[in-house]
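Hi everyone, thanks for coming. Please have a look at the picture first, and then I'll walk you through a few places in it.

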Amino acid sequence: MSDREVKNLEEMFDAKIARDEKIEPKDWMPEKYRQTHIRQMSQHAHSEIVGMLPEGNWISRAPSLKRKVALLAKIQDEAGHGLYLYSATETLGISREELYEQLHSGKAKYSSIFNYPTLTWADMGAIGWLVDGAAIINQVPLCSTSFGPYARAMVRVCKEESFHQRQGFQIIMTLAEGSQEQKEMAQDALNRWWWPSLMMLGPLDAESIHTEQSMKWKLKRKSNDDLRQQFIDQTVPQAEMIGLTIPDPDLKWNEEKQSYDFGEMNWDEFWQVVKGHGPCNKERISARVNAWENGKWVRDAAMAYAEKQENKVVKQAI
Amino acid sequence: MNNNLIQYIYGIADNSLILGQRLGELCGHGPSLETDIAMTNISLDLFGQVRSYFQYAAKLQGEDVTEDSIAFLRKEREYKNVLLVEQPNKDFAYQITRQFLFDIYHLLLLSELQNSKDETLAAIAKKSIKEVSYHTRFSSDWMKRLGDGTEESHNKVQTAINDLWEFTDELFHTTDADKVMISEGIGVDVSLLKELFYKKVNEILEEATLQTPDIKYFQKGGKQGIHSEHMGYLLAQMQYMQLAYPNMNW
């Protein structure tokens with residue numbers, strides 16, 4: 001293909017996105033678009049399945065049958081999100097095995113928030129309320145992103161996340177209305193999860209390397225700083241409503257800009273966790289690697305069995 | 001208050017409770033995303049059934065008894081599940097074999113329980129039977145895949161069936177409470193299901209190219225509340241919150 005032909009294709013491609021039309025897997029796309037989507041979508045899929053681990057930590061200890069069932073169902077939803085995000089990524093010409101390999105080797109990232117430990121039952125509430133709350137803010141704009149399979153997957157993901165967020169808030173609210181010990185448990189969870197949740201919305205705009213291109217492809221529609229502000233403005237009144245205190249002495253309503261001013265985040269901690277040195281990075285990856293390696297014989301058996309069945313059908317046909 | 005009926009309900013529901021708890025431990029650690037989701041789904045179904053049974057048992061007892069006090073606040077001796085379901089998640093071969101043996105039994109039990117004179121139990125059985133049919137299909141299919149898959153999978157699942165076989169006989173024992181409930185047309189006489197159970201299990205094992213174990217000695221005790229060493233640890237986790245923070249709403 002000549003340079004002019006490629007340029008023509010690129011122009012048509014850009015025009016299509018500008019018209020808000022979807023790019024489908026078999027459409028021509030610039031290689032960078034393909035690679036960026038593989039990176040972002042797989043990172044999202046990995047976050048879903050690594051995210052199962054901190055919550056899975058509390059299934060066996062959930063305090064009531066109702067909570068146990070709801071927690072199981074929620075984590076199952078996350079596995080489902082992982083499944084269709086991997087499938088959507090596979091349409092870009094990469095296999096699930098390759099994507100896992102990238103996760104296990106550390107080449108691919110996942111949301112750093114899941115490298116924090118879940119220490120009490122209240123953490124199940126905090127994750128739903130804050131972590132899923134921040135995730136929704138990140139994800140709702142993706143329902144209208146340019147790549148069709150991703151946009152469609154996100155419609156369903158967002159519906160379920162929104163349910164998880166309410167469920168998490170309800171857990172925290174129940175604790176906040178409970179005994180002194182329960183209230184303390186809720187406040188402690190908020191103290192530990194607040195700042196990591198704010199960091200989920202990404203580095204400061206000035207330090208974000210992917211934003212401009214992603215805006216053009218509608219992979220991102222608002223800047224990290226705007227999303228963070230939206231999250232804070234939405235969450236602070238919820239905390240106040242249930243009598244919990246946001247652990248930020250600099251948090252203050254700004255009448256002029258009609259939103260909250262807030263304190264500085266500890267970016268050293270953020271980068272430490274992103275670079276693999278958070279409290280649970282090693283455990284999370286090793287849990288995923290173990291599941292994959294210990295399951296190899298099972299997957300091999302399923303393949304061998306399927307092959308045998310296929311051969312039987314062929315033989316019968318002959 | 002009909003104590004025999006309550007004990008009878010515990011006898012059935014505790015199997016689902018303890019197996020559901022075991023399956024819940026696996027969430028996020030399965031050999032593939034698909035099997036992970038399926039095992040969690042079975043766990044969810046079982047806990048759903050447990051809630052129906054325990055809500056009924058709580059209603060029969062009145063006072064301060066709730067589904068959660070039944071699930072979380074009994075002593076080990078008061079749990080009446082069979083030994084099979086409390087066996088640990090050693091590997092996928094054990095998990096599937098444990099599931100398979102329980103599912104075949106569970107389906108036969110529910111098929112009869114839906115004819116119970118107790119309308120609530122009959123209704124729970126009718127609802128659960130759809131779920132358990134799926135569980136049985138899932139675990140039977142995996143028995144075949146593992147048995148007739150690779151040499152490694154065949155050996156692993158044969159070891160699992162050999163080890164877990166000694167827990168099958170207890171499924172067909174009847175307690176004193178069971179006997180009273182059977183005589184009243186409420187309970188199922190599980191001793192009558194034994195022959196059909198082994199026939200169905202053997203059929204699948206044969207298709208899976210597995211040997212039916214030739215074992216004459218069996219373990220028992222769970223139905224009387226005398227459990228294995230594994231049970232205390234399982235309960236320690238399951239009851240942790242309720243014991244550490246008693247009398248609270250969650």
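Now, the ground rules. This is a predicted model, where local features need pLDDT of at least 70 and side-chain atom pairs count only at pLDDT 80 or more, while totals for chains, interfaces and linings use all residues. Residues are numbered from 1 along each chain as its sequence is written, chains are lettered from A and ligands numbered from 1 in the order in which they are written, and side-chain values use heavy atoms, with hydrogens and water left out.

First stop, the loops. Glu63(B) sits in the loop between H2 and H3 of chain B. Its phi is near 50°, which is positive, and Glu63(B) is not a glycine. Here's the background: most residues other than glycine have a negative phi. Is Glu63(B) buried or exposed? I'll call a residue buried under 20% relative accessible area, exposed over 50%, and partly exposed in between, using a 1.4 Å probe and protein chains only. With 81% relative accessibility, Glu63(B) counts as exposed.

Gln258(A) isn't a glycine either, and has a positive phi of about 55°. You'll find Gln258(A) in the loop between strand S1 (252–254) and strand S2 (259–261) of chain A. Gln258(A) is partly exposed, because its relative accessible area is 46%.

Back to chain B, and on to H3, residues 67–72, where Glu67(B) sits. Glu67(B) counts as buried, because its relative accessibility is 11%. What does Glu67(B) touch? Contact here means heavy atoms within 4.5 Å. Leaving out residues up to four places away in sequence, Glu67(B) touches Leu65(A) and Lys66(A) from chain A, plus Arg51(B), Phe54(B), Gln55(B) and Ala58(B).

Ser43(B), in helix H2 of chain B, is buried as well, at 0% relative accessibility.

Next, a helix with a buried side. In H8 of chain B, residues 176–183, Ala177(B), Asp178(B) and Met181(B) are buried. They end up on the same side of H8(B) because they cover an arc of only 100° around the axis, the arc being that of the directions from the helix axis to the C-beta atoms. The buried residues pack against helix H1 (3–24) of chain B. The face turned away from that side carries exposed Asp176(B) and Ser183(B). After H8(B) comes Gly185(B), with a positive phi near 75°.

Last topic: holes. Rolling a probe the size of a water molecule over the atoms shows where empty space is left. On a 1 Å grid over the protein atoms alone, a cavity is a set of points where a 1.4 Å probe fits but cannot get out, and a pocket is an open set with protein on both sides within 12 Å along at least five of seven lines; lining residues have an atom within 4 Å of a point. Grid points are joined across faces, edges and corners, and a volume is the space filled by probe spheres set on the points.

How many cavities of 30 Å³ or more turn up in the whole structure? Two. The largest has a volume of about 70 Å³, and Trp121(A) and His164(A) are among its lining residues. The second largest cavity, at about 60 Å³, has residues including Tyr100(A) and Leu33(B) in its lining. H11(A) gives the most to that lining, with three residues.

That's my tour, so over to you for questions!

Definitions and conventions:
Helices (H or I, at least four residues) and strands (E, at least two) are DSSP runs, numbered from the N terminus.
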